[in-house]
Amino acid sequence: MQIDLKAGRIGSENDTTVVIGLFKEDKLEEDDSSGMESALRRYLREILAMGDFKGNGEEVAVLYPRGLAPPSRVILVGLGEREVFDPESARRASGVAVKKAMKLGVTELSTAIHGLDGGILSPEDCAQATVEGLLLGAYRYDDFKTDGSDESSLVSLTVLIPRRAQARDIGDGIEAGRITAAGTILARDLSNAPGNALPPRKLAAAARRMASNTGLACRILTRKHIEEERMGALLAVNAGSEEPPRFIVLEYGEPADDRDTIVLIGKGITFDSGGISIKPSGGMEDMKHDMSGAAAVVGAMHSIGLLKPPIHVVGLIPATENLPDGRALKPGDVITTLSRKTIEVVNTDAEGRLVLADALGYAGRYQPAAVVDLATLTGACVVALGHAGSGMMGNDETLLDRVRAAGEVSGERVWPLPLWKEYHDQIKSHVADVKNTGGRWGGALTAGAFLEKFVDRPWVHLDIAGTAYTESNKPYCPRGATGVGVRLLVQLVKDWNP
Ligand code: BES
Ligand code: MN
Ligand code: ZN
């Protein structure tokens, strides 16, 4: 989508459709901070005085000034209370507004920057959040729709900049928003793709395509290489699948003495049937999203490649289907990982932690300052936190704090869960070094404890089972994949060297 910047007061030209966000207590009285032309301000003031529009978060109204002021159509959107305004308020407002515009058939949209007159956030942050909300709110997954859509697709977006002095900061914010949205949309597309359209081969091809478009290095390990690396866990999970496994390595920048290395790992189960420990059929279709961690890594690497932060980032994705078959992995089997640690497989549906064990072992060779893995790992994490945030576990308080902060800023919240000794005790095996499930209780935590055994660097694990996809439409995300993790990872990497 084309994004243009336009300096000038809002309502000074006949922009066909303009999105304007208003706070709850806004009255648009004499002061001039709104950046609006006086005719438009007068018109809106009358509407507000009538009490029809209150400015509550995500409230939306469409107005037709009809010659009283220039824009032929105004989409008013509520920003909520001024005191609690944050980037998330701006994203939501933008998302609600663009959805409305698309329902009306609008293809060219202008927008004010939400919260710019509030003085709470920097112009750059306001612009980034406004653009993110718009681009993400305009997202639709219709690759397999042959009968078109009753909504329009947005073709161009114009961001209105009332004060020239802010143009540079705002331009930077718009660019940042465009880049994180692009990464998030890539992640959503990958995660929404049906299992038959995106087996490991195709996921790897998509990662390679992204890398060549973005200027990143990419190496795809095929079965032969995976065998040479002795990734016994990835091969074991793959055993029941006709589709060959892939191990994807993406690299931004190079190792250097003055640069930290961060390794990002994404669970890439392109479809999780459970394997021999097969899942109930109800809702199993959602398990096409079981590569959402991988999608987040591909999306984040795309954004990072465009932003060019001064850091070395490696993305690792173990990719396979998890299917039952005559050759499939069986409960009771013992497998040997890349690190040579052995695992007793008690339940073949706990496959994510198996493939992550090999990837965590592989990560060690980069001597990273931090390893962050993202995985739709456990239903138990969804029981604990619902869909409101991702579960976070790790072995390093500083890194945990950084990830937590990146989650808050990006609007992709995470919440800490413990990795106490008791959870390690639950996964002791009588026949191998560790077993892959810890019984009924504390499922997210025994999964985290399992991963911890394969790590010897500062590490954080994000369980995104509850946040990777949504059953209902959200202000800036339609039902389906959310692309969660991309914005958080990009923020983490951006803030790494303050
Ligand atoms: N991919 C699932 C976890 C999942 C569940 C993701 C719901 C998204 C929504 C994972 O591979 C799995 O099956 N986990 C099991 C682990 C159990 C067998 C110890 C689970 O959570 O039931
Ligand atoms: Mn599973
Ligand atoms: Zn799974």
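The manganese ion (ligand 2) sits in an irregular site, because its 6 donor atoms subtend angles of 71 to 170°. For six donors to count as octahedral, opposite donors must be over 155 degrees apart and all others between 65 and 115; four donors are tetrahedral if all angles lie between 85 and 135 degrees, or square planar by the six-donor rule, and anything else is irregular. This is a predicted model, so local features need pLDDT of at least 70 and side-chain atom pairs pLDDT 80 or more, while totals for chains, interfaces and linings use all residues. Residues are numbered from 1 along each chain as its sequence is written, chains are lettered from A and ligands numbered from 1 in the order in which they are written, and side-chain values use heavy atoms, leaving out hydrogens and water.

**The manganese site**

- D272 (OD), D349 (O), D349 (OD) and E351 (OE) coordinate the manganese ion (ligand 2) at 2.1 to 2.2 Å.
- A donor here is an N, O or S atom within 2.8 Å of the metal (3.2 Å for Na, K and Ca); water is not among the atoms, so a site may look incomplete.
- Along the chain, the donors of the manganese ion (ligand 2) are spaced D-x76-D-x1-E.
- D272 belongs to strand β10 (residues 268–272) and E351 to the loop between β13 (342–344) and α9 (352–363), so this pair links parts that are 79 residues apart in sequence.
- Helices (H or I, at least four residues) and strands (E, at least two) are DSSP runs, numbered from the N terminus.
- D272 counts as buried because its relative accessibility is 2%, and E351 is buried too, at 0% relative accessible area.
- Buried means under 20% relative accessible area, exposed over 50%, and partly exposed in between (1.4 Å probe, protein chains only).

- D272 bridges the two metals, with the zinc ion (ligand 3) and the manganese ion (ligand 2) 3.1 Å apart.

**Around ligand 1**

- There are 16 residues around ligand 1, and K279, D290, D349, E351 and G379 come nearest; a residue is near if one of its heavy atoms lies within 4 Å.
- That shell splits into 4 nonpolar, 5 polar and 7 charged residues.
- Ala, Val, Leu, Ile, Met, Phe, Trp, Tyr, Cys and Pro count as nonpolar, Asp, Glu, Lys and Arg as charged, and the others, Gly among them, as polar.
- Polar side-chain atoms of K267 and D272 lie 3.2 Å and 2.9 Å, respectively, from an oxygen atom of ligand 1.
- T376 uses its backbone: an N or O atom lies 3.3 Å from a nitrogen atom of ligand 1.
- On its own ligand 1 exposes 510 Å², and the protein buries 77% of that (Shrake-Rupley method, 1.4 Å probe).

**Backbone spots to look at**

- Most residues other than glycine have a negative phi.
- E58, not a glycine, has a positive phi of about 70°, and is found in the loop between α1 (38–50) and β3 (60–63).
- E58 counts as partly exposed because its relative accessibility is 33%.
- R66 also has a positive phi, about 45°, without being a glycine; R66 is exposed, with a relative accessible area of 73%.

Conventions
Polar contact = N/O pair within 3.5 Å; in protein donor to acceptor, adjacent residues only side chain to side chain.
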